[in-house]
Amino acid sequence: MNTIASTLTSILSTENAVISWENLAPTQKQNLQQSIDSKSHPICVVYPHSQAELAAVITTANRHQWRVLACGSGSKINWGGLAKNIDIIVSTERINQLIEHAVGDLTVTVEAGMKFAQIQEILAKSGQTLALDPAFPESATIGGIVATADTGSLRQRYGGVRDQILGITFIRADGEIAKAGGRVVKNVAGYDLMKLFTGAYGTLGIITQVNLRVYPIPETSGTVLLTGKPEAISSAVRILQNSELTPTQVDLLSSKLVTSLALGTGIGLITRFQSIHESVEEQSKRLLAIGEKLGLQGVIYQGVGECNLWQQLPNKIYDYLTESTITCKIGVLPTAAVEIINQINIGLIHVSSGLGLVRLEKEDQILPVRNLCQANSGFLTILSAPVELKERFDVWGYNGNGLEVMRGIKQQFDGNLILSPGRFVGGI
């Protein structure tokens, strides 16, 4: 056995906690290879069973200056930049316990490796839910969701991942266990540190526990889909935003996305209401009437049909069964969202924030769409794409003036540059 693998095996308490790269299942190896540059040759994948074991692994890695790629279940391991010169991969998948569910306080504390779908099942027994809508909810872990800031369209009502976190526990690059925030809503200590770790792609520390807000499950849900010409959709958006209607999700859909799902023609405006039955019914009817006056086609979805519709949208964009697909996160001024979605092939944009997802079929589509976004005070970041493409392209496309500050923060948190090097902006 390799020296590195032998050393790590000696400090872990369970069997099969260290799996050599050669012994990984082919599908798992293929998935992990989408996250590292072609020059990296990881020795092994490590599966600590506790926070203390993970701390011991990172302490050892820091002492020997082994470069570490952190992940959860690997559902979004191919997002962001390619990790460089990786020696070991560390997964939090087995650090997955429920620590505390304070039903009355509307908070929950879980270990980072717990699956999103699993915690939702636990919360549902008490009539509660996490107000997040991440990609691949069946396999995504809580730590991975925080590390990638993967919120989804529920940000319309509840804000982003940063707005849901009350506290985190993480392993520093030197192996020390640190905490920020607390377990109750009124505790705001360490707020900035929690925001810093959200969306940092594991480059500042490895998250082991997260304290989150939870919300009561709404009594009823209903979705209105309006489709038609951009001018009419734009008017519908303005009327909706200036009205007393209170949607939980509002997205703009590109015309090709609408037609590919057989939802109609033209671009789409999909709006979800969640509340008591009478409120959902009344708000849905009011928005449908607004659409009719503007000459838009409208449909109300409820029950199984509604759930299926919201599941189909991200699946069509991520299309994770096709390795060649290029999936990007974009951001534009919300006021320009209708104009942008009208020029995008397959994608959606969240109305309130201007953030969205785009699926591109060819490499030569990247720069035109990025230029379009940047011309509207926005950005395009490549989430998933073939490794050879990521090695040629600037994944993040960052053109701001904060790179030196980011590098300074990285140096403070990870002076030996061992944690997921290359994953973040500017190769950080």
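Analyst: Two strands count as paired if DSSP finds at least two bridges between them. The model is predicted, and in it four strands form an open sheet with mixed pairing, in the order E1-E2-E4-E3.

User: Which are the edge strands of this sheet?

Analyst: An edge strand pairs on one side only. The order of the open sheet is E1-E2-E4-E3. Its edge strands are E1 (18–20) and E3 (68–71).

User: What is the bridge partner of Cys71 in E4?

Analyst: Strand E3 covers residues 68–71. Four bridges join E3 to E4 (residues 88–91), and the two run parallel. The bridge partner of Cys71 in E4 is Ser91.

User: Five strands form another open sheet. By what angle are its neighbouring strands turned against each other on average?

Analyst: The order here is E5-E6-E10-E8-E9, with antiparallel pairing. At the edges are strand E5 (98–102) and strand E9 (177–181), each pairing on one side only. With direction ignored, neighbouring strands of this sheet are turned against each other on average by 10°.

User: Which residue of E6 is the bridge partner of His101?

Analyst: E5 and strand E6 (residues 107–111) pair in the antiparallel sense. Four bridges hold this pairing. In E6, the partner of His101 is Val108.

User: How many residues of strand E17 are buried?

Analyst: Buried means under 20% relative accessible area. In a regular strand the side chains alternate between the two faces of the sheet. On one side of E17 are Ile346, Leu348 and His350, on the other Gly347 and Ile349, and all are buried. For strand E17 (residues 346–350), the number buried is five of five.

User: Which residue stands opposite His350?

Analyst: Strand E13 (residues 249–253) is joined to E17 by three bridges. The two strands run antiparallel. Opposite His350 in E17 stands Asp251.

User: Which residue in the turn between E17 and E18 has a positive phi?

Analyst: E17 and strand E18 (residues 355–360) pair in the antiparallel sense over four bridges. One of the pairs is Gly347 with Val358 in E18. E17 and E18 form a hairpin with four residues between them. The turn residue with a positive phi, about 80°, is Gly354.

User: Why are the buried residues of helix H14 on the same side?

Analyst: The buried residues of H14 (residues 366–375) are Ile366, Val369, Arg370, Leu372 and Cys373. An α-helix has 3.6 residues a turn, so residues three or four places apart point the same way.

User: What is the radius of gyration of the protein chain, and why does it agree with a compact globule?

Analyst: The chain has 16 helices and 19 strands, and its C-alpha trace spans about 70 × 50 × 40 Å along its principal axes. Of its 428 residues, 55% are buried. A compact globule with 428 residues would have a radius of gyration near 22 Å, so the chain agrees with this, at 22 Å.

Technical notes: Residues are numbered from 1 along each chain as its sequence is written. Side-chain values use heavy atoms; hydrogens and water are left out. Axes are lines fitted to C-alpha atoms, for helices over the stretch in contact, and angles run from 0 to 180 degrees between N-to-C directions. Buried means under 20% relative accessible area, exposed over 50%, partly exposed in between (1.4 Å probe, protein chains only). The radius of gyration is taken over C-alpha atoms; the globule rule is 2.2 Å times the number of residues to the power 0.38.
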